[in-house]
Amino acid sequence: MLKQVSIYAENRQGVMQQITAVLYRENINILGSVTNDSAEYGIIRMVVSDPERAVKALSDAGYLCHMIDVLGVELQDETGNLNQLLIALDESNINVNYMYLSFNRETGMPIIVFHTEDLYEVRECIHSKGYTVV
């Protein structure tokens, strides 16, 4: 199970750089990220090298953030593999709330990071279908 840091931030110029500066000062690497915005605020979801320390540093810097569990599934970098994973999830009646891309720094293989209900049950389901859960 991966830990994801979700940061709620004002949608204005320079905020993303300020957030990355906090992580840089703490020597925390961003392994994968997605940003969803609205007119005034956005949610930045990240998988980072040290999520507990990231939450503390960002909270100390005045950002509202929290940490949740997400799943990471390693895939071969081949056309159609994400589609096959989504078919396997759909066949198991699993809804994906959101997903984004990361990659395994050691193997260079893509990792699909996603959130769904009942992560532990979904992890076992995905594993039983032959996927590598990270």
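Reader: Let me start with a hairpin: how many residues lie between β5 and β6, and which residue in the turn has a positive phi?

Author: There are six residues between the two strands of this hairpin, β5 and β6. In the turn, G108 has a positive phi of about 80°. Helices (H or I, at least four residues) and strands (E, at least two) are DSSP runs, numbered from the N terminus. Before we go on, this is a predicted model: local features need pLDDT of at least 70, side-chain atom pairs count only at pLDDT 80 or more, and totals for chains, interfaces and linings use all residues. Residues are numbered from 1 along each chain as its sequence is written, and side-chain values use heavy atoms, with hydrogens and water left out.

Reader: In which sense do β5 and β6 pair, and over how many bridges?

Author: Two strands pair if DSSP finds at least two bridges between them. Strand β5 (residues 98-103) pairs with β6 in the antiparallel sense, over six bridges. On its β4 side, β6 has another antiparallel pairing, with residues 64-74, over four bridges. I111 of β6 is a handy place to look: S102 stands opposite I111, and E74 has I111 as its bridge partner.

Reader: How many residues of β6 are buried?

Author: The general idea first: in a regular strand the side chains alternate between the two faces of the sheet. Buried means under 20% relative accessible area, exposed means over 50%, and partly exposed is in between (1.4 Å probe, protein chains only). Here, six of the six residues of β6 (residues 110-115) are buried, so the strand is largely enclosed by the rest of the structure. P110, I112 and F114 are buried on one side, and I111, V113 and H115 on the other.

Reader: And for a helix, which residues of α4 are buried?

Author: An α-helix has 3.6 residues a turn, so residues three or four places apart point the same way. In α4 (residues 119-128), the buried residues are L119, V122, C125 and I126. Seen down the helix axis, they fall within an arc of 120° (taken from the directions from the axis to the C-beta atoms), so they line one face of α4. Their cover includes β4, α3 (81-91), β6 and β7 (132-133). Exposed on the other side of α4 are E121, H127 and S128. Just after α4 comes G130, with a positive phi of about 95°.

Reader: Is Q4 buried or exposed?

Author: Q4, a residue of strand β1 (residues 2-10), is buried, with a relative accessible area of 0%. Contact means heavy atoms within 4.5 Å. Leaving aside neighbours within four places in sequence, Q4 has contacts that include R45, H66, V70 and Y98. A polar contact is a pair of N or O atoms within 3.5 Å; within protein, one must be able to donate a hydrogen and the other to accept it, and residues adjacent in sequence count only if both atoms are side-chain atoms. The side chains of Q4 and Y98 make one, at 2.7 Å.

Reader: Where does N27 lie?

Author: N27 is in the loop between α1 and β2 (30-37). Although N27 is not a glycine, its phi is positive, about 60°, and N27 counts as exposed at 68% relative accessibility.
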